[in-house]
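Have a look at the model first, and then we can go through the contacts one pair at a time.

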Amino acid sequence: MGFIDSYKHLEKLCGEILNDERKVSAYIDEMINTPRGVCLVRGWNEDLKKLKHYRWVRNQIVHEPGCAEENMCSPEDALWLDDFYSRIMNQSDPLALYYKAANVRPKQRPEEDYAEVFGDHVPYQEDTSQRGKDSLRGLACALAGVFIIIVLLFIISQVYFSAG
């Protein structure tokens, strides 16, 4: 596939998974609006820069006189786009890795539509049930810690006052 065909292929997929007519731009915006992505996903910034660059290249080829695939990109550029498409399909793209690492789910598409693209992957919604369990565990640990400190203080005071 050439650059433009590879870009169109990726663009169609991005539009489908994000349910957004802006397609690759929507994917880029989702990455930009995910500030912890760079911390949680290796290669986040590199992928974001590549996507922005390839969007710019595509726009140059389509809109600027004298710009063509032959003088704007190399076969490696099309290969990168094809690889990124494959990464989305097998859920190893930056956003999918972020959602897994941050324990959140995608939020744009209805479950049944999203399943058509990603199989068992569930739409974006933050998993609050685990957060609630973690909060209760944290509270229980804090209370246990306070109880232990009180018991230790009581024992120390008994030893101190009985010795004195």
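Axes here are lines fitted to C-alpha atoms, for helices over the stretch in contact, and angles run from 0 to 180 degrees between N-to-C directions. Please keep in mind that this is a predicted model.

| Helix pair | Angle between axes | Axis distance |
|---|---|---|
| H1 and H2 | about 60 degrees | 7 Å |
| H2 and H4 | about 150 degrees | 10 Å |
| H4 and H6 | roughly 125 degrees | within 12 Å |

Let's start with H1 and H2, whose axes lie 7 Å apart at an angle of about 60 degrees. The two helices are therefore oblique to each other. On the H1 side, the contact is made by Tyr7, Leu10, Glu11, Cys14, Ile17 and Leu18, and on the H2 side by Val24, Ala26 and Tyr27. By residue type, this contact of H1 with H2 has eight nonpolar, no polar and one charged.

Next come H2 and H4, which pack at about 150 degrees with axes 10 Å apart. Angles over 145 degrees count as roughly antiparallel, so H2 is roughly antiparallel to H4. The crossing of H2 past H4 is left-handed. Here Ser25, Tyr27, Ile28, Met31 and Ile32 of H2 meet Trp44, Asp47, Leu48, Leu51, Lys52 and Arg55 of H4. The contact of H2 with H4 comprises seven nonpolar residues, one polar and three charged.

H4 also packs with H6: their axes cross at roughly 125 degrees and come within 12 Å. H4 and H6 are therefore oblique to each other, and their crossing is left-handed. H4 brings Asp47, Lys50, Leu51 and Tyr54 to this contact, while H6 brings Asp77, Trp80, Leu81, Phe84 and Arg87. Those residues divide into five nonpolar, no polar and four charged.

Which residues touch the most other members of the largest nonpolar core? They are Phe3, Leu10, Tyr27, Leu51 and Ile88, in a core of 30 residues. Helices H1 (3–18), H2 (24–32), H4 (44–63), H6 (75–89) and H7 (94–102) each give two or more residues to this core. H1 supplies the largest share, eight residues.

Finally, H7 has Pro94, Leu95, Ala96, Tyr98, Tyr99 and Ala102 as its buried residues. Their cover includes H2, helix H3 (37–40), H4 and H6. After H7 comes Asn103, with a positive phi near 60 degrees.

Terms used. Residues numbered from 1 in each chain as written. Predicted model: local features only at pLDDT ≥ 70, side-chain atom pairs only at ≥ 80, totals over all residues. Heavy atoms only, no water. Core = buried A, V, L, I, M, F, W, Y, C linked by side-chain atoms within 4.5 Å. Buried < 20%, exposed > 50% of the residue type's maximum accessible area, 1.4 Å probe, protein only. Helix = DSSP H or I, 4+ residues; strand = E, 2+ residues; numbered from the N terminus. Parallel < 35°, antiparallel > 145°, perpendicular 65-115°, else oblique. Left-handed = near helix turned anticlockwise from the far one by under 90°. Contact = heavy atoms within 4.5 Å. Nonpolar A, V, L, I, M, F, W, Y, C, P; charged D, E, K, R; others polar.
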